[in-house]
Amino acid sequence: MTNHSKHTQGKIMAATLSDQAEEVYQEFYDLVNMQPKEIEDWLDTDEAKSVGQTKDGEDESVGYQSGKKIIEIKRTNKDELSDDQIDHMRKVCGYIKRHKAQRPDGDVEDTDWCFSLKNWGHDPTK
């Protein structure tokens, strides 16, 4: 009977983890309102390359690198997402929510604030 309990516990734990991943997935798709091709086209612009913090020894900002990962995530079948991709989706959701809360006054279309959000897959002008 003890083995059965452990097996049941394992199932409960696994279900909880997949429930958490499902929440992250839903939130990610609510917040990331750009399609992969839109993000690709955006990342080709000078504006995309002009914003964000770049770590020592790297050429691209954290947000720019994130945009590339988001494209890959959005092109991955839901049931094939890796733990690293789920973790990145969680990071993206946190960034977008924090950054949206800092919205500047006025027209944001040509602001670093907007450019940065687009690097993270969210177009605040939509």
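I started with Lys37 and found it in helix 2, which covers residues 36-43. I note here that the model is predicted.

**Lys37 and its surroundings**
I looked up which side chain Lys37 touches. The side chains of Lys37 and Asp41 are joined by a polar contact of 2.9 Å. Next I checked Lys37 against Ile71. Along the sequence they are 34 residues apart. In space, their C-alpha atoms are 7.9 Å apart.

**The whole protein**
I then stepped back to the overall fold. How many helices and strands are there in the protein? I counted six helices and zero strands. Read along the sequence, the pattern is α-α-α-α-α-α. I also looked up burial. Of the 126 residues in the protein, 36% are buried.

**Gln85**
I moved on to Gln85, which lies in helix 5 (residues 83-100). Is Gln85 buried or exposed? Its relative accessibility is 10%, so I put Gln85 down as buried. The cut-off for buried is under 20% relative accessible area. I also found a polar contact of 3.3 Å between the side chains of Gln85 and Thr76.

My last stop was Glu47. I found Glu47 in helix 3, residues 46-49. Glu47 has 36% relative accessibility, so it counts as partly exposed. That class sits between buried, under 20%, and exposed, over 50%. Which residues gather with Glu47 in a patch of negative charge on the surface? I listed Asp46, Asp107, Glu109 and Asp110 alongside Glu47.

Notes:
Residues numbered from 1 in each chain as written. Predicted model: local features only at pLDDT ≥ 70, side-chain atom pairs only at ≥ 80, totals over all residues. Heavy atoms only, no water. Patch = residues over 30% accessible without salt bridge, like charges linked within 9 Å, V, L, I, M, F, W, Y side chains within 5 Å. Areas by Shrake-Rupley, 256 points an atom, 1.4 Å probe, with all protein chains shown as cover. Salt bridge = Lys/Arg side-chain N within 4 Å of Asp/Glu carboxyl O. Lys, Arg positive; Asp, Glu negative; His and termini not counted. Charge placed at Lys NZ, Arg CZ, Asp CG, Glu CD. Helix = DSSP H or I, 4+ residues; strand = E, 2+ residues; numbered from the N terminus. Buried < 20%, exposed > 50% of the residue type's maximum accessible area, 1.4 Å probe, protein only. Polar contact = N/O pair within 3.5 Å; in protein donor to acceptor, adjacent residues only side chain to side chain.
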